[in-house]
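Me: I've got a multi-chain model open and I'd like to learn how to read it. Could you walk me through a sheet and then an interface?

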Number of protein chains: 8
Amino acid sequence: MSTDRTHDVGVARLDVDREARTGTPEVVYAEGKTAAQTVACLAGLLDAGAPLAWATRVPAGTVAAVRERWPDAHVDEAARVVWVGTVAPPVGEVLVLTAGTSDDAVAAEVAATLAASGVGCRRVDDVGVAGVHRVLAVAPDLARADAVVVVAGMDGALPSVVAGLTDRLVVAVPTSVGYGAAFEGLAALLTMLTSCAPGVLVVNIDNGFGAGVAAARIVRSAQR
Amino acid sequence: MSTDRTHDVGVARLDVDREARTGTPEVVYAEGKTAAQTVACLAGLLDAGAPLAWATRVPAGTVAAVRERWPDAHVDEAARVVWVGTVAPPVGEVLVLTAGTSDDAVAAEVAATLAASGVGCRRVDDVGVAGVHRVLAVAPDLARADAVVVVAGMDGALPSVVAGLTDRLVVAVPTSVGYGAAFEGLAALLTMLTSCAPGVLVVNIDNGFGAGVAAARIVRSAQR
Amino acid sequence: MSTDRTHDVGVARLDVDREARTGTPEVVYAEGKTAAQTVACLAGLLDAGAPLAWATRVPAGTVAAVRERWPDAHVDEAARVVWVGTVAPPVGEVLVLTAGTSDDAVAAEVAATLAASGVGCRRVDDVGVAGVHRVLAVAPDLARADAVVVVAGMDGALPSVVAGLTDRLVVAVPTSVGYGAAFEGLAALLTMLTSCAPGVLVVNIDNGFGAGVAAARIVRSAQR
Amino acid sequence: MSTDRTHDVGVARLDVDREARTGTPEVVYAEGKTAAQTVACLAGLLDAGAPLAWATRVPAGTVAAVRERWPDAHVDEAARVVWVGTVAPPVGEVLVLTAGTSDDAVAAEVAATLAASGVGCRRVDDVGVAGVHRVLAVAPDLARADAVVVVAGMDGALPSVVAGLTDRLVVAVPTSVGYGAAFEGLAALLTMLTSCAPGVLVVNIDNGFGAGVAAARIVRSAQR
Amino acid sequence: MSTDRTHDVGVARLDVDREARTGTPEVVYAEGKTAAQTVACLAGLLDAGAPLAWATRVPAGTVAAVRERWPDAHVDEAARVVWVGTVAPPVGEVLVLTAGTSDDAVAAEVAATLAASGVGCRRVDDVGVAGVHRVLAVAPDLARADAVVVVAGMDGALPSVVAGLTDRLVVAVPTSVGYGAAFEGLAALLTMLTSCAPGVLVVNIDNGFGAGVAAARIVRSAQR
Amino acid sequence: MSTDRTHDVGVARLDVDREARTGTPEVVYAEGKTAAQTVACLAGLLDAGAPLAWATRVPAGTVAAVRERWPDAHVDEAARVVWVGTVAPPVGEVLVLTAGTSDDAVAAEVAATLAASGVGCRRVDDVGVAGVHRVLAVAPDLARADAVVVVAGMDGALPSVVAGLTDRLVVAVPTSVGYGAAFEGLAALLTMLTSCAPGVLVVNIDNGFGAGVAAARIVRSAQR
Amino acid sequence: MSTDRTHDVGVARLDVDREARTGTPEVVYAEGKTAAQTVACLAGLLDAGAPLAWATRVPAGTVAAVRERWPDAHVDEAARVVWVGTVAPPVGEVLVLTAGTSDDAVAAEVAATLAASGVGCRRVDDVGVAGVHRVLAVAPDLARADAVVVVAGMDGALPSVVAGLTDRLVVAVPTSVGYGAAFEGLAALLTMLTSCAPGVLVVNIDNGFGAGVAAARIVRSAQR
Amino acid sequence: MSTDRTHDVGVARLDVDREARTGTPEVVYAEGKTAAQTVACLAGLLDAGAPLAWATRVPAGTVAAVRERWPDAHVDEAARVVWVGTVAPPVGEVLVLTAGTSDDAVAAEVAATLAASGVGCRRVDDVGVAGVHRVLAVAPDLARADAVVVVAGMDGALPSVVAGLTDRLVVAVPTSVGYGAAFEGLAALLTMLTSCAPGVLVVNIDNGFGAGVAAARIVRSAQR
């Protein structure tokens, strides 16, 4: 069977076989789309037989439109994620760490992505390196995780310390938290790319979705 | 037993328990070190009981010094990697793709890192997206790999296409190949970070070592 | 006859012979102008004998003022383009591709520019490289086009793949779609400038107007 | 017949049908390749039946190796281009302008690319805007060209002036000529991308090859 | 008599002898100051005996406060400049050119600065290089000016052309007009700094005040 | 006694022993936190026994919430700092200089930080280098200070001049005051980092808090 | 008489009437030109009747070739300037200040440019702001100069201080002296563009030639 | 007595009273100076009565010239520092930490600066955060130091961890160690500026001299 079908819903050309090819369905990026466009995309995915249709970076107005169309839609406001349909029960466990409370929105997007992907998630927040004993205290969590996602803004130093403490793959997410020379996440991004600890892999600034998809693949790869 | 010992060899404070903690031993970064410093570090690691001592980005002069001290040292000139000691037999298979022939040195560093880590490697070179049928032709290789490393300079577009074809984790390595607006790898780095395909994780420009370590962790995670 | 006349309308010094010199009339860039200034410029062009007076990046308030002055003005809201007067019937065909639905506003500006220039346009949207079979499916459209305009944000990888499939000139338009390391279109711009496929020519970020003018020149050049 | 064959010559996976698909054969980018690799690529292309095999950015050492293997190879030292085989007689005419004498190497690459592509070329050099009468003096040349390539470093202002004088497509090539705030071509690149004259299309800094390929496509498109 | 007195008005330490030292009085930069702070500074300067007290970048709210305190204050809304007191009759003439209508606000600040400095000003607007005959037409104006100020955004190419036509000093003001790769005036700034025509001197982006002060000094220097 | 305790207040993992380790307690960064989160953090610190709980960059809404919970909270609106509890009487004296009135908010944050740290502060404002006699006039203040903090935006030149006049440590704070090539504080930051006078130490743009903490440490170090 | 003649010398299209139009002859920029090209350009200018032919940024090899052709050529090695022909006796006086000894090469280019332009020059070196009394000591020199050129690298702070002490126009030349965050002159360039003292005009990094031409125009303007 | 004398040695205007004003004498920056210029500056300082004359960033050729002139000159090759004269016996102790062996040259410059300043120094090298137990092990050293200097390249994460462990002032020195996204020290610089731990003060990339001068001031301040 071909895995190359597309489904034209007027506003988009849905890649309905993406899940078969890549393990992740086409997910609607709602930023810059009207509420009507996002609803049409979600409906198109469900029409094409997807068990779960899903959108990220959903503006408040679009959340309302989704709820009106599908009253039982799942909405995660902190993460700005919505989904319609059934989520698989979670397998495995990804440990999600944040450096500070301000990184919460991005970590929430990681967690929602893992949930929608049917992968387990354990969050430990506010373990920045200015109090490094807080990082050392997560050693037991590291030991039982299948993969680690580290979310940090400002100096972005946390992934380097974590990657020196574990043999798990560390997915680093720079956030736009900070001001001045943080340059909206650029400082944290460069820190993570130049980490003195190998085994750190980096996604785009604030890209909790991408980190979640990657971590889910690691878990599934371990289950294969 | 503690995993926090250090071993002072005069020129460095070797982190001899790093392998126990992270699965990867301390590896000597030879760029900017004298030949004598690199030799001292390698000797220190062997003295501390490591079965394999290993250096990356080794300048030509240092290669000679290593060979003089350890005549049976393994030297990979394309990758600028040397090691002394015994490599474990490979498990699993990582697929390493390059966009063009000029990306060879970085891909060689990925391959040498995998070899030293005891992980199998299969390389397919020169499959850039300007002839996209060459990418499509690697589908069978993708299907049997445990992880994929994609090495590309210039526009850095290859990881996006590959990640749309597979459910394996894609580790993307931007290279400094190109000129002008390539800005010594910056263009490829930004392309990979903003990939429209999720599941792409990025390392530093020309960082074949980091990509190899990460891919090895994925393979080992799948074997755990 | 001289092609160097100017027409002073108080707020501007209109280059009324630009169409005779360059094939494209002076077009009013309405961003940063008041509604009154834009109306005065359009009126000045019509007064000077232009069959069609035209503005781009028109704010909502200016649209209203134009409609009040010329009730039968043509308004393309998606493209933020307005024109007054008669458009020539289209000749030739330019294929306009977008990587995603969010690139629509820029593609609409390309299409409106082609229409105002009397050149035919065919749009195929949402053919991003994460589902590369969607790109391959446009081969018949490529074969019959006189020129191709490719509009893409985020990683900006689409023009490289398209240019490897066709002997038509590819005009690449980076868009400001994306976040973080997309740096408001910079990532896509650098990707397109460093494309591994020759035959890709680039315009400014979000510059659908410039891409449309260039594509129209290619079509007219082929008709000369 | 498929246009998707590749030809593996050990050091590269040659895209031997690229000319059939795109009108331009695979051309060897010799920078960063050893002389042996470039020779192997050229030989592979000829073996696969190409009438002309061609390389750009050829280092001096590689020129010698090419001459040794093919004594009648064509070598253009100013352009750093070599080719082996037969060039088609030129059709059409592309006008190539430079802002200053220092832009010569890039203009030479444009001219060599046109010659290898079987397209005519007329060069007029050193017509920078600091003496704008020199630009005005090329009006007759503009009128009879099929396309215009403008090569300029430093302030990169020439394409804006030229594009205001002609209805031909203007392909702008920023060069790395200059110092300080020229930032190795960045200033000229930004100038050209933000040109106040529409109809200017831009290639990478110093990319004479890409400009030549694009201009050849315009000429061929006009001949179709 | 010392020229180093300061005058403390609570919110600021006014440099009341600056005019004696530099020919230009301390001028209040009202952006980022409250209306009360700006009023206090202006009052302080008048109290200290200045014949004219003057502010730039004045927000709308501050304009109202100034008018309430000094009903006969001079307000130039286009330039966002206010002054209280008596302006000297103009001497000499500075020619102020703009590339486009959108550069008007910055040119207005140049003109207001010249007026407050007692220097004559002649403006010719909208003479961008895309219609270079418009630039050539200002030759008579150039010949009789004491100095030239050129205001341009986007590609910032106008000063290079003007400086090739005159022996007057050309003060170039890049503006933040444009989008995308204009990077809020950076493109125009780099163009002007790397101008191929000598005799171009550059001020900060949108700094009409600095250009006006400098041009006034040139005129006064010629009168000395 | 351990200095590594944390105190989990639901929204954060407070580092309650930070003062014992570093001399500075954990201070709440209120930007990007809700009013409820900031109040919870302050309450948590007080519950854990801190004599003083303190927040910086406090939005107006959060100020109201703090006042409602602790009617006698200290609020410094210019500095956007609030605290609850008892401040120690000041020891020593830090001299805080500003280049202009617009730098006031950052200098206020320095002063509030010193106050909360129990360190004395003397401010002298508006002594920018355009009237360098104003800088020379602070010599007596320099001579009696324990440390100097210099706050400056735009060209950021003040710390270089001050550091040439004193043997005190100069902590330089670049501010985002300015426009155009000031690039929101980047120009001042680079100026300070490249100061031709040694003894200048730099903090992040607008980081009055960090400068205050550092200056307090210098004073305390002198008292040790 | 037309001022638009060009003189084609094979390697260049000399703008022989530039001096008549702009007061400055076409000057040969020798960097990136071969010795033969520079000699040909100088000869062409002399053939066309120029009393003085002149080149800047002359490499050592070209100096030798110039001396061979014209044994009495004037060579200024510090400035990398050569000229052939007769220089007019100097009128007026430009004061050239440097911040440090390392700025000497650029200041020498300013001085040579003034000499070739027939304008007087007085240099005072090494008056950086870290010892601000050295700047104050030049007050008498400032008072008798027609214009001031300030050459500074690293923090580039000197022009701001000087411009606060004089009513002369200050031409600021950033140099590439420094390391790290000096970014090869970028820090000094931004400092000068954002100077808190009005009346500072800026040229490109290391552009002593442009500063000299501008200062000469100011002197001549004062003599007109 | 005045502290504003200068001493003109032909090649420089020595600020001979700088030590009296600032506690640090004028130190010769030898990079970009000829050997003769550096020798002349050192001799000039000694002639003016300085007990110690001192140069940094001394090229190899200049070292030889210094040794020829003063056979008993002190030369520190790792630090590229030379001095002539008598160093005061050390007071206090500064702890200098490095993240890796490659940071040695910069740390050596810190140490040499402290020695020349008469301040004690204790170095602990190679304590990067990838093995964070190595950082924790320096706690006793931190407790007895008067100030801490932390030298780190690549991710520059070490100062954040150290500043969370001590109440001493932390002077952070980013180094240019690393490749790719390290951008020659920019990544480490931004990390340090945005440190999540307050009390971190930053100097220019590779500026061991500035860090040493600052640390010496802290020690002296504590001794005052």
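Reply: Strands pair if DSSP finds at least two bridges between them. Here, in this predicted model, β3(F) is joined to strand β4 (residues 52-56) of chain F by two bridges, and the two run parallel. F:Tyr29 has F:Thr56 in β4(F) as its bridge partner. Strands are DSSP E runs of at least two residues and helices H or I runs of at least four, numbered from the N terminus.

Me: What is the strand order in the open sheet of chain F?

Reply: The order of the four strands is β3-β4-β6-β5, with mixed pairing. β3 (28-29) and β5 (74-76) of chain F are at the edges with a single partner strand each, so one side of each has no neighbour in the sheet.

Me: And how many residues of chain A are in contact with chain B?

Reply: Contact means heavy atoms within 4.5 Å. By that rule, 30 residues of chain A touch 30 of chain B. Within the side of chain A that touches chain B, α9(A) gives the most, with seven residues. By class, that side has 16 nonpolar, eight polar and six charged residues; Ala, Val, Leu, Ile, Met, Phe, Trp, Tyr, Cys and Pro count as nonpolar, Asp, Glu, Lys and Arg as charged, and the others, Gly among them, as polar.

How values were computed: Residues are numbered from 1 along each chain as its sequence is written. Chains are lettered from A and ligands numbered from 1 in the order in which they are written. This is a predicted model: local features need pLDDT of at least 70, side-chain atom pairs count only at pLDDT 80 or more; totals for chains, interfaces and linings use all residues. Side-chain values use heavy atoms; hydrogens and water are left out.
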